[in-house]
Amino acid sequence: MSYRFPKVRPGENEIIEPDDLNQNFKEFVDEINGSLTRENLQLKDDETLKKSQFKNKTFCEVFQSSKYATKTWDSGGAAFEPSKNTTGYISVDKHGEEMPNIEFLAERDGWIIFDFNASHVWQGTGLLSADEALRMLLVKRHWPVAHYARLAMHKSELPVGGWVGINCKDDEEMGITHSSKIDIFVPPIVDFELATLSTGLRSRDFPQGKYLVQSTDRYGIRYRVTLNGSEISETGWLFNGKDRNGVYLCGVIPVRAGRNVIKTEVSAANVENIWGVSQGIRSEAEDGGKKGKFFPKSFVSSENSLSTLPQRKTVTISKGDEDLEHGLKRLKQSHYEINLGISCRVGAANLVVQYRKG
Amino acid sequence: MPYIKVPEFKHGETIKSSDFNDATTEIKDACKKLDGLNFSDQAFGQDEVPVGVSLRDSEYGDRNAQFTGSVTSISHGGFVDDLFSSYHDDGFIFLETHRNLNPSFNWPFKNYIRLKNLQAGEKVIIRASFRINIPDMAARTYMYGRPATLKAALVRVPLGSDLSTGDAPLYSTILRPTEQHFRFAFTDKMPSASSLSSQALAHAAPVLPWENFYASRDSVFIENGPWYRDNRGGSDDNPDDDYDAHHPTSAGTLNFPSQFNYTTCYLYEHPSEFVHNVTETLADQQFIIKVWLGGMNPGRNDDPDSELGGKGSGCLKPLRLPIEISDFDLHCYPVRR
């Protein structure tokens, strides 16, 4: 309410004191100096102020923080690399790169609306050891198809899962040169000792391999947004089966007047459910019954057990074919370069924050 | 309007009429130049604030642009059209092949939004989202197979060119913070006669007594008998379980289709001066979503002459199937005040 009236109204012939004038002027000056309200404006009932009378940032301020790779993602370009030393969230990586973040001074209480998007790539098989590689990738000959035992995924950077094929090009042989660094020898799918000629069968016509019940889809990345250190939104684990993927987070939260910091953070880990197998002495079998029939054969002992991402390295696995049947030739040793470990890189990320003043 | 200060009258001093008039004039002048400093906090309610003053402003032309699309398909673009692999001058598109705009390959729905009469410093929030369905193309049927990747990003296109001609203008800019890639690593196997087919045997060397090793599916199974048999073509128990029933383009029964979502939010601030090219400061700008689908390796010879297989021999080469984009939305709103 900004109606003001003179404090002193001198009467006829009354001596006017200087303080009378000062008090009266002060009434109006105090109002003009930061106390005016809508009542002081000549607005009609339906009339509003003009848009041009509001300066920028009267109601809202907007900020943006961006990060992106400066070369192709497939060739190693990265905006940010999640840590392999911790499963916790980080906002600064080992190269000193920072995930998008915004710091601003709120002149009054209000709230913020944030939008965050990012995209990442995984690279690597996710295999942990040569033993695991042999167990998952070896495709033995299976009756009745007579082919040589061999490993899938020589030099592959894809995770292990789904169907993995062991046939190569049309004529099966590949990578053979006398001075080749690729020393894998992949013979025709069937080669009979009895025949002096090649069978002529083309492996592309009946591809071999195996389906994997359990894939190396156990590595996850997650993102979160924090306000002044408190988490306000997070993605949950996104696994490496979708080895190129994008995320989006948004939210609204009140902010207090003063300094506010909105950060985005990343965490990557090997996320596994650890299964236990019941062992030990069980009840004696009843006639025709089952031993330990009241105990589960396996159970989850720990869910979402986290460990750091494995380092990437290459191992060479040699595999020959010891089985000889039906006149098949003995295959000489094949050497497979199998990539172990896995990496994750964030290719691009963007944070937009709108500060709405209260 | 700065705070005003009027002369203070003191005891014992002469009060001149000019001093008195100066004080009243100061007040009158202040009333003609009021600004936010003169008003108290919460001086105005929503009744005094015009609609659209903060987030909607039609004062400078059509701003509240929105583009939506229902369903479309995108085909494999090939390496030459992958603008995302080109890092030149901080993202500018200037290679001829990267300027191409084709709704079947890289410009879904021919989408665009237009901003006109932009002023320096003006801010606009742009949002885009769409769903992605990538079918299983059985890319890993063979050892060196690799699935396809879909890439997408927001692109700034200076107005002044008619996009319908099929080319983005030079000095369009890919907005790298909005770039996202999508791929599912696991695939199924192409429907194939993995235990050999009679057609594939047609190419076999004649010197071997194949009749001793191969039996058709309909023949009586003999234990320790022939090694190979064609397991396609149905059987008495499952007559509909044949090659056509599993063809990836007609039946779609491969087991690893994947779904993704692209969503982005970008704050565009119109510059007062250009960094790379004067088109950055043009008052009219367009924004589009551009995509690229590619990178698939079927793991076997890509020679068209090698299109043998399928029913003819035993296994069709993994097919570069199109992907589907749906529920497309691209819109923006200015943030002025």
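Me: Let me start with one pair: are R244(A) and D243(A) buried or exposed?

Reply: First, keep in mind that this is a predicted model. The general idea is to look at how much of a residue's surface is left accessible, and under 20% relative accessible area counts as buried. Here, R244(A) and D243(A) are both buried. Their side chains also meet in a salt bridge, at 3.8 Å from N to O.

Me: Which residue pairs with D82(B) in a salt bridge?

Reply: That's K151(B), with 3.1 Å from N to O between the two side chains. Check where the partners sit in the chain, too: D82(B) is in the loop between β1 (66-74) and β2 (92-93) of chain B, while K151(B) is in strand β5 of that chain, so the pair links distant parts, 69 residues apart. Both D82(B) and K151(B) are buried.

Me: Which residues are linked with E107(A) in a network of salt bridges?

Reply: E61(A), R108(A) and K357(A) are linked with E107(A) in such a network. Take one link in it: E107(A) bridges to R108(A), and their closest N and O atoms are 3.6 Å apart. As for accessibility, R108(A) is partly exposed, because its relative accessible area is 28%, and values between 20% and 50% fall in that middle class.

Me: Now pockets, please. What should I ask about one, and how much space lies in the largest?

Reply: Ask about its volume, then its lining. About 1300 Å³ of space lies in the largest pocket. Its lining has 39 residues, and F54(A), T58(A), F59(A), G36(B) and F44(B) are those nearest the centre. At least two lining residues each come from β16 (343-357) of chain A and α1 (17-32) of chain B. Sorted by class, the lining has 14 nonpolar, 13 polar and 12 charged residues.

Me: What does the second largest pocket look like on those points: its space, its lining and its classes?

Reply: About 640 Å³ of space lies in the second largest pocket. Its lining counts 39 residues, with D74(A), R244(A), R146(B), R183(B) and G295(B) nearest the centre. Two or more lining residues come from each of these elements: β3 (110-123) and β6 (162-165) of chain A, plus β5 (149-158) and β10 (285-294) of chain B. By class, you get 13 nonpolar, 14 polar and 12 charged residues.

Me: Let's zoom out. How many helices and strands does chain B have?

Reply: Chain B has two helices and 11 strands. Along the sequence, the order reads α-β-β-β-β-β-β-α-β-β-β-β-β. Of its 337 residues, 52% count as buried. For contacts between residues at least 6 apart in sequence, 79% join residues at least 24 apart.

Me: Last one: what confidence does the model give chain B?

Reply: The mean pLDDT of chain B is 79, with 68% of the residues reaching 70 or more. Over residues 304-311 of chain B, pLDDT stays under 50, and the model has 22 contacts beyond four places in sequence for that stretch. For the model itself, ipTM is 0.84 and pTM is 0.84.

Key. Residues are numbered from 1 along each chain as its sequence is written. Chains are lettered from A and ligands numbered from 1 in the order in which they are written. This is a predicted model: local features need pLDDT of at least 70, side-chain atom pairs count only at pLDDT 80 or more; totals for chains, interfaces and linings use all residues. Side-chain values use heavy atoms; hydrogens and water are left out. pLDDT is the predictor's confidence in each residue, from 0 to 100. Contact means heavy atoms within 4.5 Å. On a 1 Å grid over the protein atoms alone, a cavity is a set of points where a 1.4 Å probe fits but cannot get out, and a pocket is an open set with protein on both sides within 12 Å along at least five of seven lines; lining residues have an atom within 4 Å of a point. Grid points are joined across faces, edges and corners, and a volume is the space filled by probe spheres set on the points. Helices (H or I, at least four residues) and strands (E, at least two) are DSSP runs, numbered from the N terminus. Ala, Val, Leu, Ile, Met, Phe, Trp, Tyr, Cys and Pro count as nonpolar, Asp, Glu, Lys and Arg as charged, and the others, Gly among them, as polar. A salt bridge is a side-chain nitrogen of Lys or Arg within 4 Å of a carboxyl oxygen of Asp or Glu. Buried means under 20% relative accessible area, exposed over 50%, partly exposed in between (1.4 Å probe, protein chains only).
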